[in-house]
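Hi,

Here is the structure I promised to pass along. Have a look at it first, and then read on for my notes.

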Amino acid sequence: AAVGPSQPPTLGYAHRADYGKFGSGQPPIPLQIRPVYWYSIPMELFQPANMAVMGFVFVIHLVIQAFSLLTLMGAWPLALVAFWFCLVLMAHYVIVIDETGPERRDEMPGILRNVSLGEDFFGPLWALLTAVALCLGPAAALSRAADWGNFADGPTLVATLVVAAVGFFFFPATLLTAATSGSILNLAPHRIFGVILAAPGKYVLTLPLLAVALVAYLFGLSALSYATAEIIGFNTGTARLAWLAVGLGYLALMAGIYGLHWFGWLLGKIYQEHHDEFGWVLQRHISTRTDPTKILERQRAGQILAEREEQARSASRHVRQRLGHETGPAARLR
């Protein structure tokens, strides 16, 4: 028999209806079918990708500790490298807010994300320092005028603590605004209030979360600093106390890293779910063009939106069908 020309190798793709026919199981679940809710963030942080990011942050802290040790031993230029790593970590925590907020990615970003000095380093640092200056600057100025060793200066001390508490209350909203709004105009007090009032319940949750995370973070850093100084011989404590500081320091540091990522992701979720209620300015532009090109652009945008909505409805129907199949009589018999 004559043999025809050889055909190039091909790869056949199974149709959705063929999965059950060929006994290869259920059709694959479409991507983005399992949403992340604000209350499920603590468990989502234990996903492998998110754990890898937090683990890398912990490794950077180990590098900073090693550089600090070498700096105390006389390698002073390494202090600049350690300081740069500290700035990178500060920027990373702000990037978490942007990645899970405006970018709408329910996953932890890598360190320095896209390695853009403007968007992934200087921009997040500016947002963080702006929020700290606006919220904690007045308390810092009052603290300089207060005599902390003189109880007769009680009114100034009380005023300092009250201003610090008020600044701490507004800090999450100010940080979210500075990091994601794109305009300094949105840092006006009434717009900061708009962020808080858009989701008051979730916002209140960010306050104890931030407080606990910061306390654990600072305790871990302090304990590790003590242990580092003990290794050099600057302290006169016992070896047992140094090992205790190392153990507790690492545990507290890991808890602080986890808490700060949780805090940033929660702020990002608030942005995702309530951005339209913030009352920010310069967030979108509605074009009034009527030329044919703009009309075609609007038609195409409407078509794309309709296709995405149909895909979402189809995916939702498929999940309901799959869940119904898994909870049917056969599943109960199993």
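Below is what I found in it, going from the overall fold down to single residues.

**Overall picture**

Please keep in mind that this is a predicted model. Of the 334 residues in the protein chain, 38% are buried. The accessible surface comes to about 20,500 Å², and carbon and sulfur atoms hold 68% of that area. If you take the contacts between residues at least 6 apart in sequence, 68% of them join residues at least 24 apart.

Helix H8 covers residues 200-232, and its 33 residues should span 48 Å at 1.5 Å a residue; the end C-alpha atoms are 48 Å apart, which agrees. After H8 comes Gly-233, with a positive phi near 105°.

Helix H5 has a kink of about 55° at Leu-136, shortly before the proline Pro-138. The buried residues of H5 include Asp-120, Phe-121, Leu-125, Leu-128 and Cys-135.

**Salt bridges**

Side chains of opposite charge can pair when their charged atoms come close. A search of the whole structure finds nine salt bridges. Arg-113 takes part in two that I would look at together. One joins Arg-113 to Asp-98, at 2.8 Å from N to O. That pair links distant parts of the chain, with Arg-113 in the loop between helix H4 (78-100) and helix H5 (117-145) and Asp-98 in helix H4, 15 residues apart. Arg-113 and Asp-98 are both buried. The other joins Arg-113 to Asp-120, at 3.0 Å from N to O. Asp-120 counts as buried because its relative accessibility is 0%, and the cut-off for buried is under 20%. Arg-113, Asp-98 and Asp-120 also belong to a network of salt bridges, in which they are linked with Glu-99, Glu-103 and Arg-105.

Elsewhere, the side chains of Lys-202 and Glu-273 meet in a salt bridge of 2.2 Å, N to O. Lys-202 sits in helix H8 and Glu-273 in helix H9 (residues 239-274), so this pair links distant parts of the chain, 71 residues apart. Lys-202 is buried, because its relative accessible area is 15%, whereas Glu-273 is partly exposed at 33%.

**Aromatic pairs**

The count comes to 16 aromatic pairs. In one of them, the ring centres of Phe-169 and Phe-170 are 5.2 Å apart and the planes are at 90°, so the pair is edge-to-face. Phe-169 is partly exposed, with a relative accessible area of 31%. Tyr-258 and Trp-262 are edge-to-face too, because their planes are at 65°, with ring centres 6.1 Å apart; the cut-off for edge-to-face is over 60 degrees. These two residues, Tyr-258 and Trp-262, are four residues apart in helix H9 and so are separated by about one helical turn. Trp-262 is partly exposed, with a relative accessible area of 23%. There is also a cluster in which ring pairs link Phe-67, Trp-84, Phe-85, Phe-121 and Phe-122.

**A buried valine**

Val-57 lies in helix H3 (residues 48-72) and counts as buried, at 0% relative accessibility. What does Val-57 touch, leaving aside its neighbours within four places in sequence? Val-57 is in contact with Leu-89, His-92, Tyr-93, Ile-111, Ile-257 and His-261. Val-57 and Gly-110 are 53 residues apart in sequence, and their C-alpha atoms are 9.4 Å apart in space.

Most residues other than glycine have a negative phi, which is why I picked out two exceptions. Arg-104 has a positive phi of about 55° although it is not a glycine. Arg-104 lies in the loop between H4 and H5 and is partly exposed, with a relative accessible area of 47%. Leu-282 is not a glycine either, and has a positive phi of about 60°. Leu-282 is found in the loop between H9 and helix H10 (292-326), and at 65% relative accessibility it counts as exposed.

Definitions and conventions
Residues numbered from 1 in each chain as written. Predicted model: local features only at pLDDT ≥ 70, side-chain atom pairs only at ≥ 80, totals over all residues. Heavy atoms only, no water. Buried < 20%, exposed > 50% of the residue type's maximum accessible area, 1.4 Å probe, protein only. Contact = heavy atoms within 4.5 Å. Areas by Shrake-Rupley, 256 points an atom, 1.4 Å probe, with all protein chains shown as cover. Expected span 1.5 Å × (residues − 1). Salt bridge = Lys/Arg side-chain N within 4 Å of Asp/Glu carboxyl O. Bend = angle between axes of the 7 residues up to and from the residue. Phe/Tyr/Trp six-rings, centres within 6.5 Å; stacked < 30°, edge-to-face > 60°.
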